[in-house]
Amino acid sequence: MFERIKRIFIRMKHFFLVSWTLFYSSFAWSQIDAYWQQHIDYKMDIEVNTKDFTYDGNQVITYQNNSPNTLHKVYFHLYWNAFQPNSMMDQKLVTSGNDGDTKIMQNKGTKENPKWVSEISLLDPKDYGKQEIISLTQKGKPLQYQIEGTILEVELAQPILPNTSSQFEMKWKTFIPPVLRRGGKNNTEEVDFSMTQWYPKMAEYDYDGWHADEYIGKEFHGVFGNFDVKITIDPDYVVGAGGEIQNPNEVNGYGGKPKKKQTYHFITKNIHDFAWVADKDFVVEVQQPKIGPKTYYVYNKEKYGTYWKEVKPYVAKFWELMNRTFGEYQYPTYSILQGGDGGMEYGACTLIMGKHDSLEDLASLIFHEAGHSWFQHIIATDENTEAWLDEGLTTYAQDLCDDVLFNKRQNNPFGRAYGAYLNAHSRGKVEPMSTLADHFKTKLGYSIGAYFKAEVFFSQLGYIIGEENLQKTLKEYFNTWKLKHPTSRDLKHIAQEVSGMNLRWYFNQFVTTTDIIDYKIKEVKAIGDKTQVTLENLGGIAMPIDFYTIDQTGKPQIFYIPLKLLRGEKPNDYPNLDRKVLPDWGWTQKEYIFTIDQPLSNFKTFVIDASTRLADVNYDNNIYENK
Ligand SMILES: [Zn+2]
């Protein structure tokens, strides 16, 4: 009897072991797979002192910890502390020298022999940006904290357990720096207040940990939540903001005629930032397009009225095109605000300059900055860690809008990005797109890695998986990840699911290396009444090949050579052209030979990728003329 139970027990134990292992492994998976994100509600009262360019702030924060981890600390960004000599932003400018961000530098040399100097190092002490914490409590209990540069590190009095929330109250005072980068007082067009990254802002905590990144110059990340903001300011000011005005009849610009200090009340929901501007010379104009959000224009109309008026129909069409192409804009309003130092995206608004050289310049800038609403605010990727994801897609959308809305009908609407990338490549200035935004060695390296090579990445993804699959991928990416924080891995996952192709190599090689693509038509020769073609891969990244022949009558035909790595074939992007699919080309093979069943004399031209979507560094050897 005993022996029998023992045997059964042993069998059962074996069974338990197996099932526990199964349970354990599925548990581990769900830890990785289950997406969560934090939530925050800000309730702010801001009192602006227009005489000395300071403001006093009070915020009550409700922070919901949706993570599976207990938090013992939280971090806030105090961005404007960067505008003090010897801040990390200043140090980076000093060490970068002539390769630094010239937006925050002055040339103390000559045009031929420049010597760029950090403007932060030249600041007068009365202009230092400073964010001073006056008091900070958690559920009424004072908190221990320390400020290191632009980061406020807070020891919690009470840890925040998973799936619980906590309340903070903070009083602070801000000394507003001049606009050296993005926000501050008195920009070059004399806008008094450009209030961006202007409040103590909770750092994001996610699967990758705390994003308590120092403000060194590059862009942002944030916690999704709701903003309820009251701004009290002198009665002769007009305030514009990324949010809905709650009391239009009490405030200047929206219908009110205040006699003494006025309080603007804005609310914006399910967003990860809030920005505003204020000036005495502003007007507020409202546009309600057929499709898209109620759009506010807050600017100096007297000076810049012409293009700002002419741009409105383009903005109306922009919402329609973007909604149709990428997914629906998620907020009730959008504000185009004059301020800052060029153009920068914020929650439900942008700050741009008033002056523009042409209508198209202004429109294109708005397409870009408002395009970020899709790629940074709604699909909220981290601009510090993967700048290429939002800038690349935004620049892609911008060029698409430029092409369609200005009716340009270019062969490749993304051509300028290829030009910029290839030019930087020829100068040895390309750095991996995956470089952390602040860590690019040069300004050009950043602009290529984050913007242009990244835009090429998306255009070229269309070449690899087919345009229809690319459009499906981007829509699916939007629908799956709107109002969340995806990473490039999530995009890769969707692109693979949609196309049925393996794209791991592309997301690795084109993103994390500076390897190049260079294909060549090595030889075309007659073999009897047939034509033999030899192609050669001279580059480091292998690609599928669209090989075009053009016969003596001008009729094109495509020979498609899939890359073995893909484990799949793209649909024909040009259904009106005859396409023949050839056997796969493995990346380990440098040459590929195939035969066309027609005499060489039938053909006029042979081309590798006539669509110019392949980022081939040398197109000269992609063409063979049969003379
Ligand atoms: Zn951008």
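Two residues are in contact when heavy atoms lie within 4.5 Å. The model on screen is predicted, so local features need pLDDT of at least 70 and side-chain atom pairs count only at pLDDT 80 or more, while totals for chains, interfaces and linings use all residues. Residues are numbered from 1 along each chain as its sequence is written, and side-chain values use heavy atoms, with hydrogens and water left out.

**First stop: α5 and α6**

Select residues 359-371, helix α5, and residues 387-405, helix α6. Helices here are DSSP runs (H or I, at least four residues), numbered from the N terminus. The axes, lines fitted to C-alpha atoms over the stretch in contact, are 8 Å apart at an angle of about 140°.

Next, display S364, F367, H368 and G371 of α5, which meet E391, T394, T395, Q398, C401, D402 and L405 of α6.

**Second stop: the zinc ion**

Select the zinc ion with H368, H372 and E391. Its protein donors (N, O and S atoms within 2.8 Å of the metal) are NE2 of H368, NE2 of H372 and two OE entries of E391, at 2.0 to 2.8 Å. Along the chain, the donors follow the spacing H-x3-H-x18-E.

Select residues 312-326, helix α4, and residues 467-481, helix α9. Their axes come within 8 Å and cross at roughly 95°; α4 and α9 are therefore roughly perpendicular (65 to 115 degrees). Finally, display R324, T325 and F326 of α4 with Q471, L474, K475 and F478 of α9, the residues that make the contact.

Definitions and conventions. Axes fitted to C-alpha atoms, helices over the stretch in contact; angles between N-to-C directions. Helix = DSSP H or I, 4+ residues; strand = E, 2+ residues; numbered from the N terminus. Donors = N, O, S within 2.8 Å, 3.2 Å for Na, K, Ca; no water. Parallel < 35°, antiparallel > 145°, perpendicular 65-115°, else oblique.
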